[in-house]
Amino acid sequence: MHIVDRRLNPGGKSLANRQRFLRRVKDVAQRAVRESAREKDIKDLGKDGRVSVPVDGVREPRFSRQPGTGLQDHILPGNKTYVEGDRIERPPGGGGGSGSGEGGEGGENSEDAFRFVLTREEFLELFLEDLELPDLAKRRLAVVETEGLRRAGYTVTGSPANLALGRTLRNSMSRRIALKRPKPEEIAALEARIAEMRPGDPALPDLQLALEMLRERSKRIPYVDPIDLRYRRFEPYPRPVAQAVMFCLMDVSGSMTEHMKDLAKRFYILLHIFLTRRYRHVEIVFIRHTDRATEVDEETFFGSRETGGTLVSSALVEMKRVIAERYSPDDWNIYAAQASDGDNVSSDGPTATELLRSHILPACQHFAYLEVGDENGPRAGFVEHRTTLWRTYEGLAKSGGAIAMRKVNHRREIYPVFRELFGRKDARAEAGA
């Protein structure tokens, strides 16, 4: 038997060679993916990506003769100008062939980088490889699946408990009609006719022979044959034991500028891409708040112009209500990401602290607080001025609450901060060191 795989490879290339190449340049490609992710929009992260790696990163080691030693013969075909012993003048301006060095034409664009296109799956695999969901021991992951059973038609073998009587009798009737099996009423009528006849009647032998043939034919064609049996068939299918819901909480008061909202949106999109790689089903709940909170759709969440005062506890109360009504912590992995500029009414601190400690944090797998600032503010990781909300959450974190806090001021800081929040424990430890 010969098997020919005629599936088309991406771009007409060899899929096996492509995977081998990606394994060889994995570290270089991963660094290139991270660098490209800082420059492109978050909305484009889920698409195919073009990345560049240095030429040195794709070269393979090989054996070669040491130049300047041994006997070397060179054949240069097509030479009609020079003969042996002639001296070749250097081209004006130091030009020459365009090699891979800096002196070639085109300068640094000659062979400085090797460009190739990654598919969506390859890009995300490299992009999210060193990330993990924190605090996974509390509930089961959706990638851990249990086997469920569902109806999948009928089969000719199976357990007697799964015997489909209706389908079996229908097959039996079809077969008996096709093979013209004698009906019991027909045999009974012939037996009654013979019983009424007198011995010696000339028609009696023929009727007895016909009755014998009917009985013989009835025995040869059984009422239910093994080929008529049909059993209900069940097949296993993967059933996720848990799902994920992501709560996006954002302050939309007058102090939140468009730059701050843009930073929050990029962080939320990164988190959503990350969760969809770990769970088969992810729902998003958008909660915006000023001095009161409401659950809204995505367009209203990022585009509404409503302004007002700031009361963080209103968003936490709304999140608590939604969890109680729709997302039981026993069945859902709950994640929350809050973005704010840090402003809050000072008297609201104790209320927010109690809501988080008693209701929100016990139900959440992970709670991330992202404080967004002005574009010209300090770099990520440096908090020169501790805002009201930062001090509130800092007290929870010091008391052992499962809450992570970071501050960003520029778009380029979103991905590094995201890796600090969701990177592997060893990577986070190195970053903290």
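Q: At what angle do helix α10 and helix α11 pack, and how far apart are their axes?
A: In this predicted model, helix α10 (residues 349-363) and helix α11 (residues 388-398) pack at about 35 degrees, with their axes 10 Å apart. Axes are lines fitted to C-alpha atoms, for helices over the stretch in contact, and angles run from 0 to 180 degrees between N-to-C directions. Helices are DSSP runs of H or I with at least four residues, strands are runs of E with at least two, and both are numbered from the N terminus. Residues are numbered from 1 along each chain as its sequence is written. Local features need pLDDT of at least 70, side-chain atom pairs count only at pLDDT 80 or more, totals for chains, interfaces and linings use all residues, and side-chain values use heavy atoms, with hydrogens and water left out.

Q: What makes residues of α10 and α11 count as meeting?
A: Contact means heavy atoms within 4.5 Å. On that basis G349, T353, L356 and R357 in α10 meet T392, Y393 and L396 in α11. By class, this contact has three nonpolar, three polar and one charged residues. Ala, Val, Leu, Ile, Met, Phe, Trp, Tyr, Cys and Pro count as nonpolar, Asp, Glu, Lys and Arg as charged, and the others, Gly among them, as polar.

Q: Why is L229 called partly exposed?
A: Buried means under 20% relative accessible area, exposed over 50%, and partly exposed in between (1.4 Å probe, protein chains only). L229 has 23% relative accessibility, so it counts as partly exposed. L229 lies in the loop between α6 (204-220) and β4 (231-240). Leaving aside neighbours within four places in sequence, L229 is in contact with T155, V156, L163, T168 and V224.

Q: Why are the buried residues of α12 said to be on the same side?
A: In helix α12 (residues 414-422), I414, Y415, V417, F418, L421 and F422 are buried. They cover an arc of only 160 degrees around the axis, and therefore lie on the same side of α12. The arc is that of the directions from the helix axis to the C-beta atoms.

Q: What makes a set of residues a nonpolar core?
A: Such a core is a set of buried Ala, Val, Leu, Ile, Met, Phe, Trp, Tyr and Cys residues joined through side-chain atoms within 4.5 Å. The largest one has 34 residues, of which M250, F267, Y268, L271 and F301 touch the most other members. Its largest share, nine residues, comes from α7.
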